[in-house]
Amino acid sequence: MTDTSKSGAAVGEPTGSSAAPSAFLEVRDLKVHFPTDDGLVKSVDGLSFQLERGKTLGIVGESGSGKSVTSLGIMGLHTAGQYGRRKAQISGEIWLDGTELLSADPDHVRKLRGREMAMIFQDPLSALHPYYTIGQQIVEAYRIHHDVDKKTAKRRAVEMLDRVGIPQPDKRVDSYPHEFSGGMRQRAMIAMSLVNNPELLIADEPTTALDVTVQAQILDLIRDLQKEFGSAVIIITHDLGVVAELADDLLVMYGGRCVERGPAEKVFYEPRHPYTWGLLGSMPRLDRDQQERLIPVKGSPPSLINLPSGCAFNPRCPYADVPKDDVTRTVRPELTEVGSKHWAACHMSQEQRERIWTEEIAPKL
Amino acid sequence: MPAVRGGPHAVLAYLIRRLFAAAVMLVVIILVVFCIFFLVPKWAGVDIALNYVGKQAGPDAVEAVRQKLSLDDPVVVQAWEFIKGIFVGRTYASGGDVTNCSAPCFGYSFKTEQAVWPVLTERFPVTLALALGAAVLWLIFGLAAGVLSALKRGTLWDRGAMIVALAGVSLPIYFTGLLSLAIFSYGLGWIDGEFVPLEDSLTGWLGGMILPWVTLAFLYAAMYARITRATMMEILGEDYIRTARAKGLREPVVIRKHAMRSTLTPLLTMLGMDLGALMGGAILTETTFSLPGLGQKVLDAIQNQDLPFILGVTLITSLAVLIANLVVDVLYAVIDPRVRLA
Amino acid sequence: MSDKAKAKAEDEAVTIPAQSDGSTGGATLTEDAAPGETLLKVTGLQKHFPIKKGLLQRQVGAVRAVDGIDFEVRSGETLGVVGESGCGKSTMGRLITRLLEPTAGTVEFEGKDITHLGVGGMRPLRRDVQMIFQDPYSSLNPRHTIGTIVSAPFKLQGVEPEGGVKKEVQRLLSVVGLNPEHYNRYPHEFSGGQRQRIGIARALALNPKLVVADEPVSALDVSIQAQVVNLLDDLQQELGLTYVIIAHDLSVVRHVSDRIAVMYLGKIMELADRDLLYKSPMHPYTKALMSAVPIPDPARRGAKSERILLKGDVPSPISPPSGCRFHTRCWKATQICKTTEPPLKELRPGQQVACHHPENFEDQAPQDVVLLSDAKEAAELVAEDALAESARTSAAVAAEAVAAEAAAPEAEGAEAAKSTEAAKRTETAKKGTKDAKSTEGTESAEEEPPAKEK
């Protein structure tokens, strides 16, 4: 929980003393490990980032990259469903508005959940309780943190449903989740998470289960609500299109670690990590002329129990042999600053990466 | 799609439909029992009338009985007479001997010539009390043990409870019954163990029922504890439990309000089926503890091929099971809004 | 250097064995169906799933999953099918592979009517038509080895491949980029992408002519999706396969398809060559669908000027809207859309559209100008630029048609001598067709964005 877990100050990394930071949300060297029969699953392995109010951070990665566990760790929900089993191990620091959450009293953190920080999940059908009406669930969320009677809370629920664009909110408030369509359910979920005006909203794949036209509606809604409420938003997704719509900053995760982080424009236009190139090359794009061929990343995502030594991406990296002395396979690269507020963890030199990007990758995208 | 919800009309229609289905079911049960008891002996070459009057009787007496009970009529006609008897009463006539049997008439025992209905009304409440009391006990203890085990998975408590549950599932009723009698009644002398009618003394009645209840409940509580534990663990991994925690609910509220309600549905389904199978357990328990319920009577009736009694008991227990299932279905609809109009 | 980056694993795997052995496969395929010939023809295809209720299981309605569609698949091409969930695209896939029995309509494969063939009659056809499924986790039997799974088609068809089953299976594994040594492994030992390759190997075992792939990449991670998309591409080139690829992801569909069908509520709304569809979509639904796809480019963040948001949800396929099924959410809908179902018409060579008021083309029902109240609501969600552009392009096309008519009176679309003001603006508009966006002709921009005024 203190500085013991830190491996020296990485260049340009926001480390240093464990004094309260100035940022609204600051995560320092977060590690979430799950002991299993097969070994220790290092879902998140040393992650740091900051987020200000009113800003949106996009966390991008493939399945098993640790992006969802990161969000659960911030919410203090990483042990969910782990009753009595060997406990998840979490270390590092999570500062939310001046409070360090990992060392704080669990009941205090509980009171922050839902009020200061709220979450939207991927599948709204399974994330809403099937036996309670939408209204009952929103009322409950409101009354945990507000000492009001049910009537007042229900008025608030109707107001929130109206705000997220559910037609006839005074009627629909008494509907059950299964009576809603997928898009309406996600709207209701958003209404529920915002009912207490949280300052931090975490959206974990909020549109993955939805159709594309509904996705557009929901992304629009999240953007408008953020403007209105001024919250900080973390959006977790595998879809670069979705983060490009919403995120100010981008964090690319691979194998439980951050491989690249920076302002969205920088990461999209001047990416400095081969994995980010791979992601950009893998997706067919509607806004460009037809590509002849996609540029996939070879191989499969690594096992979080047996991460490759050195750079976790090295077995899939086409440039693993560019740096000398086999350093990619032996030394874990640290995040280094490659531009203003832009970090990447790669052994290749700045110049090499710049050259490869501009000459070999960018022209093919 | 518009929100179609189960209003009072839908619930009423649902109930009426179910009651109608239950009535049809009862008629089918009567027919099946009739067929078994009349057709099977016929194929086997056994004369029921002879069986009824005894081997020493002369052919005249046998014929008289046959006429009185209209055994020569087709099975369907007999079944119809029987059903009619339940609702409007019936008259048995053989020669000059006329017996009026007012509704509800379940006929007379072939062996003892006792009217069936009074015996049923006298004995059924005991069986019902045994079954319901045991059901309440096993639900309370089974659920509690299961939930605690799920929450404290892998601890000493969990393992201990599950070992006891395993024992409960595997030990036969007459073993646990006799064991509990030996310990608490004869050994420690805490409980008398004699059945006392409820009208005489409440405490006496409770004292007489407690061991049968516990014995019968033990078996089921053990099963329910195991199912509850498994269901609860599954539910705790559901997304909506994570949502409940993300709202900032206290853990006990998450368990009580969100996890428990979902855990109940599979248990209810089980309960509906178990209430039917319960009769077997109740009969064994009643014989073990010498309770004056239907159990003893049914065993006798089967041994003696006493059709009216068997029919009566079958009908009344079927009715009980059908009503129990109806209650379970309604409860199900109350708990899970998704099944309301099914 | 960067060439190395191109998934060399599967590139090698595909080319090498295909050269050594695949020539026979490729040759037999191209022999009996010359490229461009119609391989599959679907006419009036319908599938209604009955809804039954009560003790007697009376039919009280039907889910009209597929409700009368017509299309052709030509040999060697890839037909992409897109649509949102519930539009009937998966049902359509299972109808043309005859895993489902159509309610009405016909399916012809190589000129032979296969609509009502029984299991026995379909057996020889199963060799020619294969399917790839979405979920690589549930579509492979976990208790069978890869060898057993991939060789199953041989056993079912009683085919003994040259050189033995095992050798052929190993060849197939290497074709799809898997290690042939893994013959004896079980599905759980493979990752999602590898399992999808196994599914593809199984589908290819009997040298099919047509492969129907239902969401072949949607369960896979982004980087793996690209591997599988490239593999499908390569296989098509090597083996001359014909694909019907069903997917909800418009960018993937654009990447793999030659022609694309857009489905909505059991109907085809637009069926067009890929480039025509993406450059100048005619059906408003197609346009909305494409504008909804998030673009991975932060500079276009919240590019609301081009965004068309659809209001509400897709209506129920149990009682689809009358007339044009899209009229309840369309911002151009008029009375005729509510009453008359527009036929799927070839408005431009290679582009069939079912719409009364198409985008990028002259209006098919110009007399009907009064918007439905639904349409007015819908229009509020459409960016003004998009409305303006739509009006501009329609007028431009109309004007062009008028001009063309003047030059050659027998030209198609003669009845489109619709708007006199359009004719006046022929010159500006002609430029506009080439590049509608660059023509910031203020006059034409003002022209009747129909939704806003009324």
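In this predicted model, chain A and chain B meet through 30 residues of chain A and 26 residues of chain B. Four elements of chain A each supply at least two residues to the side that touches chain B: helix H2 (106-112), strand E6 (117-120), helix H3 (124-127) and helix H4 (134-145). Of the residues on this side of chain A, H4(A) gives the largest share, with 4 residues. The side of chain A facing chain B can also be sorted by class, and it then divides into 14 nonpolar, 8 polar and 8 charged residues.

Chain A also has a contact with chain C. Here 42 residues of chain C are in contact with 42 residues of chain A. On the side of chain C that touches chain A, at least two residues each come from helix H1 (2-5), helix H9 (222-239), helix H10 (250-256) and helix H12 (284-292) of chain C. The largest share of that side belongs to H9(C), which supplies 8 residues. In terms of class, the side of chain C that touches chain A has 21 nonpolar, 12 polar and 9 charged residues.

Turning to chain C itself, the secondary structure comes to 19 helices and 12 strands. Chain C has 454 residues, of which 48% count as buried. Among the contacts in chain C with a separation of 6 or more, 69% are between residues 24 or more positions apart. The domain assignment divides chain C into domain 1, made of 2-52 + 59-262, and domain 2, covering 302-453. Where these domains touch, domain 1 of chain C contributes 8 residues and domain 2 of chain C contributes 5 residues. Strand E2 (residues 58-74) of chain C provides the largest share of the domain 1 side, 5 residues. That side of domain 1, touching domain 2 of chain C, has 3 nonpolar, 2 polar and 3 charged residues.

Two packed helices are described by the angle between their axes and the distance between the axes. For helix H6 (residues 146-157) and helix H8 (residues 192-204) of chain C, the axes come within 7 Å and cross at roughly 30°. An angle under 35 degrees counts as roughly parallel, and H6(C) and H8(C) are therefore roughly parallel to each other. The crossing of these two helices, H6(C) and H8(C), is right-handed. On the H6(C) side, the contact is made by C:Ile146, C:Ile149, C:Val150, C:Ala152 and C:Pro153, while H8(C) brings C:Ile198, C:Ala201 and C:Arg202. By class, the residues of this contact of H6(C) with H8(C) divide into 7 nonpolar, no polar and 1 charged.

Chain B has 12 helices and 2 strands. Along its sequence, the elements of chain B follow the pattern α-α-α-α-β-β-α-α-α-α-α-α-α-α. Buried residues make up 30% of the 342 residues in chain B. Of the contacts in chain B with a separation of 6 or more, 66% join residues 24 or more positions apart.

The axes of helix H5 (residues 116-151) and helix H12 (residues 307-335) of chain B come within 10 Å and cross at roughly 45°. H5(B) and H12(B) are therefore oblique to each other, and H5(B) passes H12(B) in a right-handed crossing. From H5(B), the contact draws on B:Val116, B:Leu120 and B:Phe124, and from H12(B) on B:Pro308, B:Phe309, B:Gly312 and B:Ile316. The contact of H5(B) with H12(B) has 6 nonpolar, 1 polar and no charged residues.

Most residues other than glycine have a negative phi. At A:Gln168, however, phi is near 50°, a positive value in a residue other than glycine. A:Gln168 sits in the loop between helix H5 (150-163) and helix H6 (169-172) of chain A. Because A:Gln168 has 12 C-beta neighbours inside 10 Å, this residue counts as exposed. C:Leu265, again a residue other than glycine, also has a positive phi, near 50°. The loop that holds C:Leu265 lies between strand E9 (259-264) and strand E10 (267-273) of chain C. With 23 other C-beta atoms within 10 Å, C:Leu265 is buried.

Methods: Residues numbered from 1 in each chain as written. Chains lettered and ligands numbered in written order. Predicted model: local features only at pLDDT ≥ 70, side-chain atom pairs only at ≥ 80, totals over all residues. Contact = placed C-beta atoms within 7 Å. Nonpolar A, V, L, I, M, F, W, Y, C, P; charged D, E, K, R; others polar. Domains from an automatic or database assignment. Axes fitted to C-alpha atoms, helices over the stretch in contact; angles between N-to-C directions. Parallel < 35°, antiparallel > 145°, perpendicular 65-115°, else oblique. Left-handed = near helix turned anticlockwise from the far one by under 90°. Buried ≥ 20, exposed ≤ 12 C-beta atoms within 10 Å, placed from the backbone.
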